[in-house]
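Open the structure in your viewer and keep the selection panel handy. We will go from one stop to the next, and at each one you will hear what to select and what to look for.

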Amino acid sequence: MNKLNYRVVIFLFAFLFGIIFSIPSLTQSSEGKKITLGLDLQGGLHMLLSVKSQVAVESKVKSIGTTIKYKLDDEDIIFDDLKIENKSVKFELLDKDDLKKLTKILKDDFKDINIKQEGLKFTLTLNKKLIEETKKNAIKQAVDTIRNRLNMFGLAEPTVAKQGIDKILVEVPGVKTQADEQRIRELIAKAAHLQMMAVDEDRDARVDTMSEAEAKQYGDIILADVSNPKKRYLLHSIPILDGSMLVDAKVGYDRQNNQPLINFKLNGQGAKIFGDFSGKNVGKRMAIVLDNKVYSAPVIRERIGGGSGQISGNFTPQEAHDIAIALRSGALLAPVQVEEKRSVGPSLGADSIRASMIALIIGFLSVVVFMFIYYGMAGVIADIALIANLFLILAIMSLFEATLTLPGMAGIVLTVGMAVDANVIINERIRELLHAGNSITKSIEQGYNNAFTAIWDANVTTLIAAVVLFAYGTGPIKGFSLTISIGILASMLTAILGTHGIYQWILPKIDKNRLDFWFGIKGAK
Amino acid sequence: MEVFKYNQPIIGFMANAKKFAILSLSLVIISLGLLFFKGLNYGIDFAGGTVIQVKYKGNAPIQKIRDILHQHKSYKNANVTYFGSNSDIAIKTKTTSKDVNVDISDQMNTLLKDTGEYEIRGVDMVGPAVGNELRTQGLMAMVLSILGILAYISFRFEWRFALASVLALVHDVTISLGALALFQIDVNLPILAAILTILGYSLNDTVIVFDRIREGIRTIKTTNLSDVIDESVTRTLSRTTLTSLTTFFVVLTLYLFGGELLKGFSFTLLVGVVVGTYSSIFVASPILMWLKFSISEFRAKEAEKLKREKERERMRAMYEQGTI
């Protein structure tokens with residue numbers, strides 16, 4: 001044996017590195033950095049959502065209406081005909097003397113809003129900048145809200161991320177049953193839009209015969225009861241306050257019938273609005289509305305201070321739990337829609353793992369055996385490099401905590417076939433040189449030299465395609481380009497540098513009379 | 001073991017180049033015809049739609065499922081097929097649903113509840129907007145890969161080599177796509193990955209051959225290009241076939257054992273590997289010949305380059321000695 005050369009030392013280090021860092025992934029130990037399995041292998045739910053941000057703009061207009069109503073009431077300004085039409089807030093002042101006070105309010109509290117005045121009639125619309133901002137905000141808020149909800153739901157490592165301009169990527173691994181999946185979907189999509197709305201007591205008696213259009217004329221809206229769709233309420237469409245002023249929501253139980261309900265608490269401003277309103281409207285009803293369904297409409301008996309309230313309905317404990325989560329994490333400013341959905345059951349994932357493992361093992365064995373039969377010991381050396389290559393792929397992916405997908409597994413299988421190509425090219429060169437009567441040392445050194453450019457060029461072209469695929473591919477496909485790129489890069493180290501080092505190391509052992517055993521050739525001198 | 005002997009007589013590839021050109025050209029034309037008239041069968045990734053995988057305990061009552069679905073207005077055109085085994089079925093439909101709460105799998109559960117004991121194993125739904133986006137991206141990826149590879153090859157080789165290898169590449173990809181159209185395989189994202197892999201991989205063998213031709217131009221005495229090509233191709237025959245063979249092994253195991261989800265992917269690669277090997281031997285090199293690559297010209301250029309380099313060295317030496 002020769003002294004250890006730098007090539008073989010680097011190779012052995014790489015091999016060792018590969019084994020050590022792939023151990024956590026192979027043994028699935030709880031410590032150390034590991035490869036994560038993609039949703040297609042471990043099962044889970046993948047959704048690409050889009051945000052209907054236009055709705056956020058509409059509700060922004062509505063909240064401006066709410067604020068106007070509160071401010072004007074607060075300043076004792078008399079107004080009439082407050083309503084929302086064509087994405088703008090309209091109202092009319094009744095007293096000309098209030099004009100000055102109103103102008104001040106509008107100037108102080110309503111920036112970025114276009115104000116049109118015709119006599120005492122006012123029309124408020126959002127300007128372009130505010131609309132853009134509202135849309136952007138709705139998407140950001142949707143990402144945060146959905147993330148919060150899934151985190152509170154208690155699932156292992158959900159991913160929620162903005163993708164592109166207006167899309168949200170949601171990935172939830174480990175969803176076991178379809179019922180679970182449905183629950184998660186409902187939790188994600190729940191608007192959780194809580195509103196306190198005053199019942200229009202003057203006209204509510206006629207609600208059953210009233211049309212939506214007529215209600216709209218009065219600035220009202222008709223909403224149905226949650227448990228009895230036939231029961232309808234006529235409510236002032238501009239709410240007293242909404243869920244944005246909520247600070248907490250928890251599941252509680254009704255003392256009388258032990259039914260689950262949700263206790264909520266408002267912030268200081270909300271509590272004040274709530275208190276003021278209830279004080280002024282004793283004897284009238286106030287509806288608690290969640291996602292446009294009336295949960296209850298109790299009569300106000302006295303001023304309600306403290307800012308807490310409760311939502312009761314015929315909840316199951318699970319429903320109450322999910323609604324509380326949704327309320328706590330805040331309302332979705334705009335509804336979300338599914339653009340793409342991929343759900344993989346755990347059994348399908350397990351099947352994919354099994355099938356791809358079988359393919360990997362059979363593919364690996366057939367290549368290893370073929371190399372040995374065709375090239376003798378030279379083939380064995382290539383096989384050693386191949387094994388090191390596999391470990392290196394696992395180790396590098398573990399260190400980066402990369403995701404292994406089904407196409408990623410296919411990439412590893414493919415790497416097995418492609419990594420030995422380098423050794424085939426080298427071995428053929430060496431054989432050629434041996435046949436030409438060169439010494440073993442010269443054949444090996446020249447063989448590596450001559451083979452290098454072809455291997456290099458071939459690998460670079462494959463890498464170019466893989467990198468482009470990584471840039472343009474999505475999800476699982478990225479996994480394919482990842483494993484194949486790592487595999488090709490690792491093969492430069494193992495199949496070229498590593499095997500070269502091994503030859504140099506064991507050179508004295510190579511018997512020139514047994515070229516059949518060492519290089520699988522006969523008849524060379 | 002040696003299949004191709006080192007002293008293997010040189011095979012007259014170039015003498016038969018025309019025959020192979022006719023074969024290749026007809027394959028390409030047939031493929032283009034298939035693509036044009038039959039067209040690619042875009043799967044849901046690119047066309048939008050939903051695929052539901054259902055596994056039954058025991059054999060799937062496929063006729064019953066078809067009858068039930070075809071009565072429903074949303075699933076009138078649903079395509080129900082076995083998926084890998086008699087107990088697995090795949091339901092493909094153009095229907096998609098944007099509503100997060102209303103899911104096709106929920107609907108399926110109500111529709112299929114009387115068909116036996118089953119489990120919905122997976123649902124893939126791609127909305128039309130995303131499908132369009134993925135198709136544009138896929139096309140971009142293909143164009144970019146070809147450009148990238150073209151740029152690299154022209155940087156590494158003389159332009160005729162580059163052109164010849166890219167023509168061979170186009171040949172390989174066209175025939176692979178033709179095979180996809182012929183067998184009406186669902187073209188989904190993994191197929192795109194396979195096509196891009198073919199782009200990168202089918203060049204490998206071409207590079208081996210061209211590398212050898214480039215070497216042969218310098219070392220083989222004759223100035224007759226077709227002789228150089230014949231010798232180079234013959235000498236690299238074992239390399240090109242063996243490297244393809246190892247890859248073919250693993251792709252074949254993927255096809256046979258890798259499961260239903262990787263079938264289309266591995267099929268595309270199988271075709272690509274075979275066509276790619278054929279083209280690097282029989283297509284790329286003749287193109288080089290027809291592009292009128294001239295050895296004497298090349299050698300003259302090389303000599304010129306060498307001369308310039310020598311001159312530069314001489315100048316430098318003089319400069320260092322202070323004679324200039």
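Two residues count as being in contact when their C-beta atoms, placed from the backbone, lie within 7 Å. A word on ground rules: this is a predicted model, in which local features need pLDDT of at least 70 and side-chain atom pairs count only at pLDDT 80 or more, while totals for chains, interfaces and linings use all residues. Residues are numbered from 1 along each chain as its sequence is written, and chains are lettered from A and ligands numbered from 1 in the order in which they are written.

**Stop 1: where the chains meet**

Show chains A and B together. The contact draws on 66 residues of chain A and 61 residues of chain B. On the chain B side, α7(B) gives the most, with 13 residues. That side of chain B comprises 32 nonpolar, 19 polar and 10 charged residues; here Ala, Val, Leu, Ile, Met, Phe, Trp, Tyr, Cys and Pro count as nonpolar, Asp, Glu, Lys and Arg as charged, and the others, Gly among them, as polar.

**Stop 2: chain A as a whole**

Along the principal axes, the C-alpha atoms of chain A fill a box of roughly 115 × 55 × 40 Å.

Now colour chain A by domain: domain 1 is 6-41 + 345-519, domain 2 is 44-176 and domain 3 is 193-328, with bounds from an automatic or database domain assignment. The C-alpha centres of domain 1 and domain 2 of chain A are 56 Å apart.

**Stop 3: helix α3 of chain A**

Select residues 53-74 of chain A, helix α3, and find A:Ile64 in it. Is A:Ile64 buried or exposed? A:Ile64 is buried, because 21 other C-beta atoms lie within 10 Å; buried means 20 or more such atoms, exposed 12 or fewer, and partly exposed in between, with C-beta atoms placed from the backbone. Leaving out residues up to four places away in sequence, A:Ile64 touches A:Val89, A:Ile113 and A:Leu124. Draw a distance from A:Ile64 to A:Ile113: they are 49 residues apart along the chain, and their C-alpha atoms are separated by 9.7 Å.

Other buried residues of α3(A) include A:Val57, A:Val61 and A:Ile68. Among the elements covering the buried residues of this helix are β4 (88-93) and α5 (128-153) of chain A. Just after α3(A), look for A:Asp76, which takes a positive phi of about 55°.

**Stop 4: a hairpin**

Finish with residues 246-253 (β13) and 260-266 (β14) of chain A, antiparallel strands joined by 7 bridges. A:Lys250 has A:Asn263 in β14(A) as its bridge partner. The two strands form a hairpin with 6 residues between them, and A:Asn258 in the turn has a positive phi of about 60°.

Note on methods: Helix = DSSP H or I, 4+ residues; strand = E, 2+ residues; numbered from the N terminus. Pairing = 2+ DSSP bridges.
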